[in-house]
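The sequence and the structure are shown next.

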Protein chains: 2
Amino acid sequence: MTTTVYDNIGRLVTNDPSLGEGPLGIVRNASIVVEDGSVIAVGAAGQTADDRVDVEGRCVIPGFVDSHSHLVFAGDRSEEFASRMAGAPYAAGGIRDTVAATAAVSDEELLRIVAARRAEAARAGITTIEIKSGYGLTTASEHRLLCVAREFTSDTTYLGAHVVPTEFAGRSDDYVALVCGEMLAAASAAGARFVDVFCEVGAFDADQSRAVLQAGIDVGLIPKIHANQLGEGPGVAVAVEMGCASADHCTHLSAADVDALAGSSTVATLLPAADFSTRQPYADARRLLDAGATVALATNCNPGSSNTTSMSFCIALAVRDMGMTADEALQAATLGGAAALRRTDVGRLGIASVADLVVLDAPSHLHLVYRPGVPLIHATHIASRPH
Amino acid sequence: MTTTVYDNIGRLVTNDPSLGEGPLGIVRNASIVVEDGSVIAVGAAGQTADDRVDVEGRCVIPGFVDSHSHLVFAGDRSEEFASRMAGAPYAAGGIRDTVAATAAVSDEELLRIVAARRAEAARAGITTIEIKSGYGLTTASEHRLLCVAREFTSDTTYLGAHVVPTEFAGRSDDYVALVCGEMLAAASAAGARFVDVFCEVGAFDADQSRAVLQAGIDVGLIPKIHANQLGEGPGVAVAVEMGCASADHCTHLSAADVDALAGSSTVATLLPAADFSTRQPYADARRLLDAGATVALATNCNPGSSNTTSMSFCIALAVRDMGMTADEALQAATLGGAAALRRTDVGRLGIASVADLVVLDAPSHLHLVYRPGVPLIHATHIASRPH
């Protein structure tokens with residue numbers, strides 16, 4: 001088996017405090033040796049291996065773990081976006097426009113679109129990505145979207161309960177029954193790992209959300225939830241009650257919500273680019289961290305409320321506007337994302353970690369915040385492995 | 001003379017309402033013909049020329065005009081930045097750290113550093129750039145920095161009055177005398193086009209600012225001013241009184257300041273990335289535009305308060321947080337910047353304009369806001385011309 005050494009690393013962020021300084025486990029003048037897609041050694045510069053990549057003093061970080069994306073869609077909602085920026089409120093109804101646009105393209109075209117988007121995310125340093133369905137809303141189309149997603153990741157999420165489709169207007173319980181019935185069976189057959197529901201006024205209420213998540217749990221899926229995006233509500237409480245891997249958005253939290261998250265293993269996944277693009281107030285990461293909750297940052301890449309693959313942008317916003325330090329934000333975008341996906345093999349660069357790493361055009365990870373908007377991803381190395 | 005056609009442009013932003021739709025003068029399915037660095041024809045796709053560049057349906061915009069940058073510096077202040085994000089206030093004193101770091105590098109190294117930064121700005125779509133001195137603060141060093149700047153642009157600005165150097169502590173009027181005397185003569189000899197002063201508590205007061213600007217005017221320089229960044233103050237009033245091309249920052253304005261700008265030809269140059277990086281409130285572009293003032297957006301690229309070359313990031317912030325529409329923000333980053341530099345040849349793509357253009361990886365300029373953080377600059381074409 002060939003070994004590769006990434007050498008001459010100015011600063012290596014391992015996220016393993018046993019390997020280096022501080023909570024980020026930073027090693028200066030480092031090298032890292034990789035074999036068969038896994039890290040086998042971390043040490044001073046100059047370790048040897050069969051192949052050598054000289055990163056010329058740059059900073060190396062674990063690849064970003066994007067634990068919340070809606071990458072499988074077609075169409076463009078920039079006009080809706082511009083009108084919102086000119087004063088119109090955000091509403092979930094635009095999801096239906098994307099459902100129509102996605103249905104209108106062939107499988108081949110959809111695969112091409114998602115591949116381009118996944119490549120853009122890789123250029124942005126994202127090495128692990130979760131991808132949701134949710135722009136189908138019928139049994140056949142949700143199955144289709146999950147099969148497309150499965151081409152790109154093993155972390156696929158069934159989000160049939162994204163919004164109540166027009167044809168079920170006034171009969172949302174009937175739609176929930178479909179979501180929990182044959183649509184779930186199709187999602188499971190398509191290899192979904194997670195089940196998710198949009199718990200919000202205008203989407204699904206607490207009882208409906210519980211029903212969707214329990215049905216998913218019953219067939220072996222891990223629950224996640226879209227919670228408290230547009231206002232306070234029962235989403236976070238349901239997340240903790242149902243043992244969700246993550247409660248995503250958490251923009252509007254009560255004190256009880258914060259306590260519930262802090263007392264649970266449910267990760268609070270914050271989506272700063274969504275708060276940015278919908279002009280919501282920013283979620284208060286500081287309050288969650290101070291309470292003891294685990295926080296993840298994710299892009300929420302989707303055509304309506306957060307059309308970005310830039311985790312760097314999310315990190316910069318989280319520091320500017322959510323009260324995180326640069327160290328906390330980087331860790332939330334790597335280790336935090338991994339926790340939200342219930343994975344321990346990614347998000348760090350310790351021994352036996354998956355060798356997913358990002359070389360920054362910068363001497364330290366602080367530049368991700370210090371140089372906002374500048375494309376600082378010099379190279380993204382995604383370890384080849386089955387998914 | 002060879003002609004070149006940029007063909008198959010999905011949407012062409014000309015900033016010339018006589019050529020297309022709306023204030024941006026948008027032409028769909030367009031082509032643009034260039035000869036000797038100037039636009040000679042704008043029309044439907046399919047115009048012919050000696051050479052052809054097919055932009056494959058992408059959006060083309062005028063190159064960004066960055067009317068406020070401090071590109072000539074060495075050193076890194078990311079640690080200061082991180083501590084500010086952790087709660088320390090912004091203070092102008094860090095400027096002195098950059099003065100020391102810049103003095104410590106050779107001319108050759110400084111040229112290499114600035115060339116790399118200028119190349120980064122070009123990759124970000126900036127085709128015209130103003131560059132200030134101000135990290136020298138002695139006659140010889142300000143001359144040196146202006147000579148370096150002059151290698152990259154004709155729009156150089158003498159900012160000897162950036163901060164009072166330590167050796168003049170308690171004798172700021174003596175420093176002003178130097179700035180207005182032999183240092184100004186050296187700056188003029190180095191080809192400076194503008195004179196600038198940092199009018200703020202802790203830097204230079206109104207009378208000192210007037211003295212610096214008047215001295216520059218007397219030797220033929222165009223005045224500009226750093227005004228009202230950290231609090232309300234006399235900067236904007238001085239700008240209008242002295243006929244400044246621009247008043248830059250404008251973060252804290254009184255009603256009288258807004259009226260003064262609206263009633264003058266002084267451009268209000270807003271620097272959203274500086275407001276971002278110093279956690280200031282964002283300047284209120286909407287109020288200025290509604291009053292009738294001309295607004296420019298610029299990067300303010302510098303190592304202390306805004307270390308970015310991303311005009312796209314500035315545009316996205318201006319729409320999210322300064323109340324601009326996407327159209328207004330794009331125009332402020334092109335035509336507005338040109339006005340702040342008293343130039344009419346750049347910032348637009350009409351007949352006889354300089355053929356500086358940017359091809360976006362997007363179907364419309366709205367994506368600069370709709371897709372925040374994503375590097376959307378597909379190609380930057382800077383027309384060759386003397387400077």
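## Contacts between chains and domains

The contact, meaning heavy atoms within 4.5 Å, involves 35 residues of chain B and 35 residues of chain A. The model is predicted: local features need pLDDT of at least 70, side-chain atom pairs count only at pLDDT 80 or more, and totals for chains, interfaces and linings use all residues. Residues are numbered from 1 along each chain as its sequence is written, chains are lettered from A and ligands numbered from 1 in the order in which they are written, and side-chain values use heavy atoms, with hydrogens and water left out.

The size of an interface is often given as the accessible area lost when the parts come together. Buried area here is the accessible area (1.4 Å probe) that two parts lose on being put together, summed over both. Between chain B and chain A about 3200 Å² is buried, with 57% of it on carbon and sulfur atoms. On the chain B side, B:Asn307, B:Arg320 and B:Tyr370 lose the most area to chain A, together 26% of what that side buries.

Two salt bridges (a side-chain nitrogen of Lys or Arg within 4 Å of a carboxyl oxygen of Asp or Glu) join chain B and chain A. A:Glu120 forms a salt bridge with B:Arg371, and their closest N and O atoms are 2.8 Å apart. The side of chain B that touches chain A consists of 17 nonpolar, nine polar and nine charged residues; Ala, Val, Leu, Ile, Met, Phe, Trp, Tyr, Cys and Pro count as nonpolar, Asp, Glu, Lys and Arg as charged, and the others, Gly among them, as polar.

Within chain A there are two parts to consider, with bounds from an automatic or database domain assignment: domain 1 (3–63 + 347–386) and domain 2 (65–340). Their C-alpha centres lie 29 Å apart. The contact between them takes 21 residues from domain 1 of chain A and 20 residues from domain 2 of chain A.

| Pair of parts | Buried area | Share on carbon and sulfur atoms |
|---|---|---|
| Chain B and chain A | about 3200 Å² | 57% |
| Domain 1 and domain 2 of chain A | about 1600 Å² | 66% |

Between domain 1 and domain 2 of chain A, the count of salt bridges is zero.
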